[in-house]
Amino acid sequence: MDIVFYIASAVAIICTVMVITRLNVVHALLYMIVALLSVALVFYTLGAPFVAALEVIIYAGAIMVLFVFVIMILNLGPQTSQQERLWLDGRIWVGPTILALILIAEVAYVLSTHSTPAYTITEISPRQVSTQMFGPYILGVELSSFLLLSAVVGAFHLGRRRQLYPEEIAVSAAAVEQNTSPQGDIQPEPQIQSDIHR
Amino acid sequence: MATIPVEYGLFLAIILFSLGLVGVLIRRNVVFILLSVEIMLNAAGLGFVIAGSHWGQADGQIMFIFILTMASAEVSVGLALAIQLYHRLKTLDTNSISKMRG
């Protein structure tokens, strides 16, 4: 069982590195799904099967599908990955990365110097989790229902295309002009007028 | 069952969280930033589950479920904002929002 944990950890780390360095959003999403599946395996080896199932169903299932739908709506073309390549090219973040790696090495040193003995993992069943959650944590469950309701309302309000006011159209057109002009090669005409069809 | 030192699990959580933080810092695409935030939330939940498993209590898993709820709420609102940003400015560059006024 130990070796499963280590392999799953390695897969999770490699996939996460791939997620944050991909140019294409869809490739990053595929790596992200694999990373989430390997983290679910880590949960399983840590004796948390219920949370492992939730990780696969909600994270890898629902949230990633949401990302895929949004990418389909946005319909990003190849010039986006070109833009990403331009943004990622900078040498600016090499220095901070090296310094942060030194800090991570320090954390590793501190954690490895005083080691707690390895403990035998006991599995926590879904029944235990549920009796705790609907017992002492019932207030948290109610609060998260508030949060989800407000998120639904907020997402609906923000996501729908509403009629733009004339000054907003002017500001938006100016911004589109500014965003697209430095690229030069592609000049998508600002399709603001299509926003006022309803 | 397995015997895994708790440091190794915490290590994994730290590394995943740092990778998410690096992603937020080096990317300028809104969708990538949201993905990196998801990585960070997932790593924090992993830390909770490891601690709960270490003490043999169910509280860590309950905290993970709350984090999951919060992550799904956050990502739905964040993606709605990304769609709105793309419709108005035709870009996903976060630098373009810095010119927004009132």
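**Exercise 1.** At what angle do H3(A) and H2(B) pack, and how far apart are their axes?

*Solution.* Keep in mind that this is a predicted model.

Step 1: Read off the geometry. The angle between H3(A) and H2(B) is about 175°, and their axes lie 12 Å apart.

Step 2: Angles over 145 degrees count as roughly antiparallel. H3(A) and H2(B) are therefore roughly antiparallel to each other.

Step 3: Find the residues. From H3(A) the contact takes A:Val51, A:Glu55, A:Tyr59, A:Ile63, A:Met64, A:Phe67 and A:Ile71, while H2(B) supplies B:Val31, B:Leu34, B:Leu35, B:Glu38, B:Leu41, B:Asn42 and B:Val49.

Step 4: Sort them by class. The contact of H3(A) with H2(B) has 11 nonpolar, 1 polar and 2 charged residues.

**Exercise 2.** Work out how helix H1 (residues 2-21) of chain A lies against helix H2 (residues 30-55) of chain B.

*Solution.* Step 1: Start with the numbers. H1(A) and H2(B) pack at about 160°, and 10 Å separates their axes. That angle makes H1(A) roughly antiparallel to H2(B).

Step 1: The crossing of H1(A) past H2(B) is left-handed.

Step 2: Locate the touching residues. A:Thr16, A:Val19 and A:Ile20 of H1(A) meet B:Phe32, B:Leu35, B:Ser36 and B:Ile39 of H2(B). By class, this contact of H1(A) with H2(B) counts 5 nonpolar, 2 polar and no charged residues.

**Exercise 3.** Describe the whole interface between chain A and chain B.

*Solution.* Step 1: Count the residues. In chain A, 88 residues are in contact with 71 residues of chain B.

Step 1: Look at the area. About 7500 Å² is buried between chain A and chain B, and carbon and sulfur atoms give 74% of that area.

Step 2: Check for salt bridges. Between chain A and chain B the count is 0.

How values were computed:
Residues numbered from 1 in each chain as written. Chains lettered and ligands numbered in written order. Predicted model: local features only at pLDDT ≥ 70, side-chain atom pairs only at ≥ 80, totals over all residues. Heavy atoms only, no water. Axes fitted to C-alpha atoms, helices over the stretch in contact; angles between N-to-C directions. Helix = DSSP H or I, 4+ residues; strand = E, 2+ residues; numbered from the N terminus. Parallel < 35°, antiparallel > 145°, perpendicular 65-115°, else oblique. Left-handed = near helix turned anticlockwise from the far one by under 90°. Contact = heavy atoms within 4.5 Å. Nonpolar A, V, L, I, M, F, W, Y, C, P; charged D, E, K, R; others polar. Buried area = accessible area lost by both parts, 1.4 Å probe. Salt bridge = Lys/Arg side-chain N within 4 Å of Asp/Glu carboxyl O.
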